[in-house]
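Student: Hi! Can we go through this one together, starting with a ligand site and then some helices?
Tutor: Happy to, let's have a look.

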Amino acid sequence: MPAKTGKQYIERVDKAKANVWINGEQVTGNVSEHPAFKGVMKTQAALYDMQHDRDKKDYMTYVSPTTGNRIGTSFMQPKTKEDLEMRRKMMQEWARYNNGMMGRSPDYINVGMMAYGAAADMFGKQDEMYAGNMENYLEYCRENDLSLTHTLINPQVNRGVNTAQLPDPYIAARIKEKTSEGVIIKGARLLATQGGITDEIMVFPSTLLKQSEEENPYAYAFSIPNNTPGLKFICRESFDYGKSNFDHPLGSRFEEMDTIVVFDDVVVPWDRVFSLGDVETCNEAYNASNAVVHMTHQVVSKNIAKTEFILGTLQLMAETINIGQYQHIQEKISEVIIGLETMKAYVTASEANAKMDQWGTMTPEFAPLNVARHYFPKLYPRFTEIMQLMGASGLMAIPNEADFHSPIRSDLDKYLQSANGDAYNRVKLYRLAWDICISAFGSRQTLYERFFFGDPVRMASALYNGYDKQEYVDRVKEFLNRSEEVVESK
Ligand SMILES: Cc1cc2c(cc1C)N(C[C@H](O)[C@H](O)[C@H](O)COP(=O)(O)OP(=O)(O)OC[C@H]1O[C@@H](n3cnc4c(N)ncnc43)[C@H](O)[C@@H]1O)c1[nH]c(=O)[nH]c(=O)c1N2
Ligand SMILES: O=C(O)Cc1ccc(O)cc1
């Protein structure tokens, strides 16, 4: 089928009736009508609709190599640098619509899935069937414009021992049995963002936690529909409180939800298994396929849009209460400008130095993207801190929409007016700032940026250990050993 529409996205997720639990209740009606999900699903539907916008569809979609249909660009296997640029343009179109607040818009997994599919051969070391499964699955996702959630992390029970040493072997989801139908999986995984509002779930090895042979039953990769029997999504409390866009400008639109995933003897059909009990393949899949590079290309492109939005909000705040002339305000906003230009430079460098990889995919240079994914988790908490420092009491003097339609309106109009505008528009802006840097939605954004790509401490170790430092060490040694004759001046 051609790239799907928003309506098709919603109808498909509603029809699937996945087993989603929230506030002690199972969602039995349409997910898209549930207060916790309806705002974000409407936004996600708008993203899909952009694929059909007459002015945008030339870059939001491309021609399928197998069916000739116009399909979503995030599934495209880039062959040239121009393809990479087009894909970035598409991803930023989505990111600018959600202001970078939806980390798991479908392009995040789509570009990873593209890379895994292109590198399908690497999954076939133990059995060629797995390579075929991976290749077929990519085509299935691509041609049906699937939306995917994913889960890589084991429950946070005891991080001092490895998965196999937990008190119950079925806390972390593991292979229980193999039958003629497929593989039976039992246990749990964390933390599937967009768990209840996508078509399928990709259950892959953690990219950072290298598994040992002892953890063999925990080494696998598969994808299954979210409504597979035995699969359950347990949601946290929603940060969309059903308020208006005025009251809760971000939470009412972009609350993606995070879920714990439980596998109660879930049967994964053989044609959906991509790797099984193969510790080596699981440990190398993410890097060797270059999925990490393509996903980071999406992340950094998205974070450019997010930083632009933070910058715009801060500048508007400065203008609203007339503080832009103070030096420390200028310095603080310039920190965000520096962050923005740095992120843009990383993406530009990665595309300019892109090369064809061994799987025939034009692949951005990883070094600048890798640095960007380490750097942004440090920048983003500072951005929200800057917003608090600039907002001060204004972040609390934020009556809601109902107050503006009540008898106290005249008080609000008088006391909440701003240097260059009325109270209504000033409060509208400061409610946005509150939703970025104070609300539960905003705090989750900060936590997300800190952790979504993995534990920053272990990521830093991986960077340190993988980075070739020898050339620089040798240069210093050479310098220390250099003996220069001292020429005495006459
Ligand atoms: C909002 C949001 C959304 C998502 C996710 C997280 C968050 C916060 N994640 C999960 C994410 O991948 C995960 O948070 C990180 O990989 C870190 O793992 P843990 O949360 O288990 O922390 P973990 O338990 O590993 O760490 C907790 C603390 O202990 C320290 N620590 C633990 N072990 C250590 C060690 N060996 N050495 C040094 N320090 C150690 C860490 O440094 C950290 O301070 C996710 N995942 C996913 O698969 N799909 C998704 O969609 C999402 N979405
Ligand atoms: O692989 C990990 O250990 C962390 C991680 C989790 C989700 C994700 O999308 C990327 C990395």
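Tutor: To start, a polar side-chain atom of threonine 193 lies 2.8 Å from a nitrogen atom of ligand 1, where a polar contact is a pair of N or O atoms within 3.5 Å; within protein, one must be able to donate a hydrogen and the other to accept it, and residues adjacent in sequence count only if both atoms are side-chain atoms. Keep in mind that this is a predicted model: local features need pLDDT of at least 70, side-chain atom pairs count only at pLDDT 80 or more, and totals for chains, interfaces and linings use all residues. Residues are numbered from 1 along each chain as its sequence is written, chains are lettered from A and ligands numbered from 1 in the order in which they are written, and side-chain values use heavy atoms, with hydrogens and water left out.

Student: Which atom of ligand 1 does glutamine 156 go to?
Tutor: An oxygen atom, with a polar side-chain atom of glutamine 156 at 2.8 Å. Arginine 458 also has a polar side-chain atom by an oxygen atom of ligand 1, at 2.7 Å.

Student: OK, ligand 2. Which residues are around it?
Tutor: Among them are Arg104, His150, Tyr286 and Phe452, counting a residue if one of its heavy atoms lies within 4 Å. Polar side-chain atoms lie by oxygen atoms of ligand 2 at 2.4 Å for tyrosine 108, 2.5 Å for serine 206 and 2.3 Å for threonine 207. The protein buries 94% of the 310 Å² that ligand 2 exposes when taken alone.

Student: Switching to helices: at what angle do H9 and H11 cross?
Tutor: Roughly 20 degrees, with the axes of H9 (residues 291-320) and H11 (residues 366-391) coming within 10 Å. H9 and H11 are therefore roughly parallel to each other, as angles under 35 degrees count as roughly parallel, over 145 as roughly antiparallel, 65 to 115 as roughly perpendicular and the rest as oblique.

Student: What kinds of residues make up that contact of H9 with H11?
Tutor: There are 16 nonpolar, six polar and two charged residues.

Student: What about H10 and H11, parallel or antiparallel?
Tutor: The axes of H10 (residues 327-352) and H11 cross at roughly 160 degrees, and H10 and H11 are therefore roughly antiparallel.

Conventions: Axes are lines fitted to C-alpha atoms, for helices over the stretch in contact, and angles run from 0 to 180 degrees between N-to-C directions. Helices (H or I, at least four residues) and strands (E, at least two) are DSSP runs, numbered from the N terminus. Ala, Val, Leu, Ile, Met, Phe, Trp, Tyr, Cys and Pro count as nonpolar, Asp, Glu, Lys and Arg as charged, and the others, Gly among them, as polar. Accessible areas come from the Shrake-Rupley method with a 1.4 Å probe; for residues, only the protein chains shown count as cover.
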